[in-house]
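Dear colleague,

I am passing on the structure we talked about, and below it you will find a short account of what turned up in it. Please look through the structure itself before reading on.

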Amino acid sequence: MRNAPSFVPSDSFNRSFGFLAMALCAAGAVVAQTRHAVIGWSVAALLGALCMGALALWAPRSLTPLSKAWMGLGRLMGRVVNPLVFGLMFFVLITPVGWVMRLRGRDALKLRLDPSARSYWVDRRPPGPRPESFKHQF
């Protein structure tokens with residue numbers, strides 16, 4: 001597999017990332033406070049939110065290493081989660097439907113051979129567009 005191109009975040013991306021991190025830290029502070037955790041956790045999360053917000057407003061370039069790490073984490077999660085989700089969807093949804101169709105004798109793609117057939121050509125009714133309409137497609 002080829003390597004992904006190097007990610008260089010812009011200031012606007014860093015600013016958005018900083019505000020997202022600020023919101024996550026603030027949500028963590030609220031959750032820590034409502035769960036009656038040690039007060040230090042909610043204060044630390046609130047200070048983290050304030051620091052991320054200040055950096056996002058006044059020094060977004062300083063968030064470049066964090067945003068690169070965040071994107072790397074997202075890329076790694078995508079490499080792990082995508083095959084799992086699509087494999088699960090295939091084996092839970094598509095495979096049973098195929099089994100049921102086979103049990104019922106359905107041949108949706110008409111792949112079954114018929115020795116008595118003269119041709120496998122399917123006439124289209126209505127016949128479709130005129131061949132001249134395909135001359136200048138682009």
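A residue is called buried here when its relative accessible area is under 20%, exposed when that value is over 50%, and partly exposed in between. Please keep in mind that this is a predicted model. By that cut-off Phe17, with a relative accessible area of 9%, is buried.

Phe17 also belongs to the largest nonpolar core, which has five residues and includes Ala21, Met52, Ala56 and Leu63 besides. Two or more residues of this core are given by helix H1 (11-34), and the other element that gives two or more is helix H2 (39-58).

Turning to the aromatic rings, a search of the whole structure finds two aromatic pairs. Whereas Phe17 is buried, Trp70 counts as partly exposed, at 40% relative accessibility.

Phe90 and Phe91 also form an aromatic pair, and this one is edge-to-face, with 5.1 Å centre to centre and 85° between the planes. Of these two residues, Phe90 counts as partly exposed at 40% relative accessibility, while Phe91, with a relative accessible area of 59%, is exposed.

With best wishes

Methods: Residues are numbered from 1 along each chain as its sequence is written. This is a predicted model: local features need pLDDT of at least 70, side-chain atom pairs count only at pLDDT 80 or more; totals for chains, interfaces and linings use all residues. Side-chain values use heavy atoms; hydrogens and water are left out. A nonpolar core is a set of buried Ala, Val, Leu, Ile, Met, Phe, Trp, Tyr and Cys residues joined through side-chain atoms within 4.5 Å. Buried means under 20% relative accessible area, exposed over 50%, partly exposed in between (1.4 Å probe, protein chains only). Helices (H or I, at least four residues) and strands (E, at least two) are DSSP runs, numbered from the N terminus. Rings of Phe, Tyr and Trp (its six-membered ring) pair if their centres lie within 6.5 Å; planes under 30 degrees apart count as stacked, over 60 as edge-to-face and the rest as tilted.
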